[in-house]
Amino acid sequence: EKAGHRHFMGKEIHEQPQTLSGVLSRYIEGDRIVLPTDYDFSATDRIQMVACGTAQIACSVAKYWFEALARLPAEVDIASEYRYREGPVGIDTTALFVSQSGETADTLAALRYARGKARAILSVVNVVESSIARDSDIIYPIHAGVEVGVASTKAFVNQLAVLLCLAIAAGVQRGEIDAQREAELVAGLKLLPGLMSQGLTIEERCEALASRLSEASDILFLGRGPMYPMAHEGALKLKEISYIHAEAYASGELKHGPIALVDRTLPVVVFAPMDPLFEKTVSNMQEVMAREGQVLLVTDADGAKQASDGVWEVLVMPRIDPVFAPILYALPAQLLAYHTAVHKGTDVDQPRNLAKSVTVE
Ligand code: F6R
């Protein structure tokens, strides 16, 4: 049932081109985004997204999409904080809950807090026969199939895909995206599964880097813009399955504290696809190198050409339109953690102290 893979997590990482293509086919018709259930994003003045763990990281990426593509103010909360904060939920607010299992206790409680206050309760779930799905006004399924590995991989990628489709639909409804731009975005989405397949070819390099990474006691992940939450995804995956301490920082925050940690023993993973923020991220990366930090740059061929001097290692990803880069860059986040854990010999599919579905608070 692991289809020739050593672990379910490895199998699920490799399934992603197919599972991504599967979910996109449910949200795309021709050159348009068509949601399985309509929701009017032009009649809402903000979106509050609430989730736990990796699902919360997907929301943090989606914040950039909702704000940039749909000009819709977006907030992201950790469910365990949101449920007790007694924050205001305006009648024009759309509340959106993201959960693979649909059973996470804090996310469900947060949903019940927002019920009767928000304009509508939307949820992005994998398990459609779940408590969160049942208590929502509208569900947007992610169609990832059963995910066995405790560390979420294909569900995370499909959460991102659905959230991006929602942001594009919102942009169209709110007059921020015209038909031509929508068609361009849809064309970009259709390229993604192929780019994911190509991206999987970094696996050999990740395997080769694993012995060095597994010696580290701490690893820092840096990124800007939507690559900042992706840095969180890299750090979370690594902590969960390899038990190595990792932290994520927005590149621009480095000099406000964490740069004090940098010395020759610290691997620093930098997510920097070629995008308008590339040069800013690279200048932060050079500050790390000036203090002998060991930089692992994750970029594309253009980025590698411009910024490889003096870095410890480069992982070269396929070139991609920056809008879609977070989905593709889930691969290095997953593969670095996976191979480091395999090298260390930890229980990749059932990491200590963790459960697939957290039904207690
Ligand atoms: C991390 C991971 C967890 C879950 C979190 C929420 O790889 O899998 O952080 O994302 O426990 O679970 P769901 O999505 O089921 O609400």
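Predicted model: local features only at pLDDT ≥ 70, side-chain atom pairs only at ≥ 80, totals over all residues.
Visitor: How confident is the predictor in the chain?
Guide: The mean pLDDT is 97. That score runs from 0 to 100. In this chain, 100% of the residues reach 70 or more.

Visitor: What makes the span of helix 10 close to the expected one?
Guide: Helix 10 covers residues 278-290, which is 13 residues. From first C-alpha to last, helix 10 reaches 18 Å. The expected value at 1.5 Å a residue is 18 Å.

Visitor: Which residues of helix 10 are buried?
Guide: Phe-278, Thr-281, Val-282, Asn-284, Met-285, Val-288 and Met-289 are. The buried residues fall within an arc of 160° seen down the axis, so they line one face of helix 10.

Visitor: Why can residues a few places apart point the same way?
Guide: An α-helix has 3.6 residues a turn, so residues three or four places apart do so.

Visitor: What covers the buried residues of helix 10?
Guide: The cover includes strand 8, strand 10, strand 11 and helix 11. On the other side of helix 10, Glu-279 and Ala-290 are exposed.

Visitor: Why is Tyr-243 called partly exposed?
Guide: Buried means under 20% and exposed means over 50%. Tyr-243 has 26% relative accessibility, so it counts as partly exposed. Tyr-243 sits in the loop between helix 9 and strand 9. Its phi is positive, near 65°.

Visitor: Why does Asn-353 count as exposed?
Guide: The cut-off is over 50%. Asn-353 has 77% relative accessibility, so it counts as exposed. Asn-353 lies in the segment after helix 13. Its phi is also positive, about 70°, although Asn-353 is not a glycine.

Key: Residues numbered from 1 in each chain as written. Heavy atoms only, no water. pLDDT = per-residue confidence, 0-100. Helix = DSSP H or I, 4+ residues; strand = E, 2+ residues; numbered from the N terminus. Expected span 1.5 Å × (residues − 1). Buried < 20%, exposed > 50% of the residue type's maximum accessible area, 1.4 Å probe, protein only. Arc of directions from axis to C-beta. Contact = heavy atoms within 4.5 Å.
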